[in-house]
Amino acid sequence: MVRDVESALRDATAARAAGADLVEFRLDEFFSGEGQQDAQAPTGDTPEAKLILHLIAESPLPCIATCRPVGAEGGAYDGPDDARIALFERLGTAFGPGERAPRYLDVELSTLQRSRNIRQKIALAIEHPEQLRDVTTSLILSSHDFTGRPPDLDRRALAMRDEPTARVHKIAYRARSVRDNLELFDLIAQSERPMIALGMGEFGLMSRILAPKFGAFLTFASLRDSEATAPGQPTLAELLGTYRFRSIRQSTKVFGIVGYPVGHSMSPAVHNAGFDAISFDGVYVPIPVVGGSREHPAGGHESLKATLLELIEHPRLHLCGLSVTIPHKESLVRLALEQGWTIDDVSRRTGAANTLVVDHDSRGTIAGVRVANTDAPAILNALRTLTPDTRGARALVLGAGGVARAAAFALAQAGASVIIANRTPARAESLARDIRHALPGCDARAGDLLSLEASSVELVINGTPIGMSGSGTEGDSPLPTEFMASLPAHAIVFDTVYNPIETSMLKAARARGLRVLSGVTMFVLQAEAQFRLFTGRTPSAGLFERVVRERLAVRQP
Ligand code: NAP
């Protein structure tokens, strides 16, 4: 994003240092078109145009010059169109002392279609017979829709094909769901010319990251979080660092996290770091899939089903594994049962799963799909770091949602005596019933925290968001002070919340000298188990924990 020439040059220098190959100057951010009527100045040779020529001549990277008009295609230029076209002509014929032309001019298809005259002028700017320079300017012919998939998408693609001057085609529209990315990948495959096909908004991120896998001409990234030139753009650091953009190629296997929201998930950071450490040809991306609404509660299952089946079956995506999180963990089990996929015991018993693995044979054909739950084993494995056996332990689980469910099932199966206390008591009762039904003979019941005898509780697991950053309860503890004070000295306090790492509940337990476990341990153990299922390899020791702690340290105020 350009505000003035000097800051544009500074940003371009920073972009080069951060690893960019090309920079886009959004001239519409500061070109006003004024002075064009000056009879003394040749076409386009205004003070503003000279400043822009200076910017391009001094650019530390080859550049795309874009001057998008205000309106549906998301530009900021609101001067006369003649002046904009004159600027393009001037850029296209730049050959004076100290002048250099842009490597690309980005012009909208809708602009070119406006008149034969404009088309001729743009063609001249691109292929001017008097061009006396070593840099050839090429045309990126573009089309944008910030509201959604344009209904006339096919017609636009055909119209682009009919424009002989265009060297690169660019189509960008707001993705309505992650499924739109697949159509964008297909557009690239069908294009005879180099193509940029991007989904804007949170649902389109996949099209930006996976661009090299599908042979896209380029992808865009912003220098800073707040400076994206289109919604949903990753930063350069995310693209090149987290997503290892330079190592993505046609053969790269795709993994991701499905849920909503997934924007702040740490799973992409840990799994991509894990792939990097073992030189695994894979990339792990956020895949946001919304849940059901109050009006249409079944919508969550329907969108999960439609999305997963399309992703799994796409012939060139090569989807190999998914982490699945809120609100789809229970739907994943239902889908696995509907599709006849293999389900592990834990998922079957708890009715919730967080992992999907797609197995392929040597020819790349799908050989099977497996669904697993790594949450429940992670909770038990975390506990095993402090106590070898939870058999017979009196455990209190706070909450009755996804994590509490995994914890209560895991503990009941391990032989603990489980009490579930939840804000909505009926959900605690229903969970206790489910556990007794799935594990006959186990001891699981609902209870009320206020009437419980704290001195008899040996293990507390918080499965509510109380204390979590951004939940509105940060600084709170789900355990009343008197309850904490009355726990026996050998009690273990386990908070599944991992942001902040040290919650108020854990601080209070530590202050009492009790043994504690943080949500980081659980997160790392479930992610490591998923990584083993995805790759057949064990992640480098301590890597996931280090990545999580580094990320959380950055997020702390
Ligand atoms: P969930 O399915 O939405 O369940 C949340 C549970 O917490 C529900 O039982 C809910 O009670 C209760 N609750 C929510 N807000 C409350 C409040 N203000 N006061 C009292 N009870 C409240 O969520 P989840 O997937 O189980 O996740 C719960 C927490 O676990 C997350 O916030 C996250 O911090 C943590 N987590 C940790 C990991 C890890 O790997 N460490 C992974 C996922 C989640 P009702 O039934 O009354 O609504």
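The structure is a predicted model in which local features need pLDDT of at least 70 and side-chain atom pairs count only at pLDDT 80 or more, whereas totals for chains, interfaces and linings use all residues. Residues are numbered from 1 along each chain as its sequence is written, and side-chain values use heavy atoms, with hydrogens and water left out.

An open sheet is formed by 6 strands in the order 15-14-13-16-17-18, with parallel pairing. Strands (E, at least two residues) and helices (H or I, at least four) are DSSP runs numbered from the N terminus, and two strands are taken to pair if DSSP finds at least two bridges between them. Strand 15 (443–446) and strand 18 (515–517) are the edge strands, each pairing on one side only. On average, neighbouring strands of this sheet are turned by 15° against each other, direction ignored. Within the sheet, strand 13 (residues 394–398) runs parallel to strand 16 (residues 459–462) and is joined to it by 4 bridges. L396 stands opposite V460 in strand 16. Helix 14 (residues 375–384) packs on the sheet and touches strand 16, strand 17 (492–495) and strand 18, contact meaning heavy atoms within 4.5 Å. The direction of helix 14 makes about 140° with that of strand 17; axes are lines fitted to C-alpha atoms, for helices over the stretch in contact, and angles run from 0 to 180 degrees between N-to-C directions.

The structure also holds 3 cavities of 30 Å³ or more. A cavity is a set of points on a 1 Å grid over the protein atoms alone where a 1.4 Å probe fits but cannot get out, and lining residues have an atom within 4 Å of a point. The second largest cavity holds about 70 Å³ of space, a volume being the space filled by probe spheres set on the points. Among the residues lining this cavity are R161, H169, E192 and R193. Helix 6 (153–161) and strand 5 (166–174) each supply at least two lining residues, and the largest share, 3 residues, comes from helix 6.

F214 lies in the loop between helix 8 (205–209) and helix 9 (236–242). This residue is buried, with a relative accessible area of 10%, where buried means under 20% (1.4 Å probe, protein chains only). Leaving aside neighbours within four places in sequence, F214 is in contact with F185, I188, H314, R316 and L317. F214 and Q250, 36 residues apart in sequence, are 6.3 Å apart in space, C-alpha to C-alpha.

How values were computed
1 Å grid on protein atoms, 1.4 Å probe; cavity = no way out; pocket = protein on both sides within 12 Å on 5 of 7 lines; lining within 4 Å. Buried < 20%, exposed > 50% of the residue type's maximum accessible area, 1.4 Å probe, protein only.
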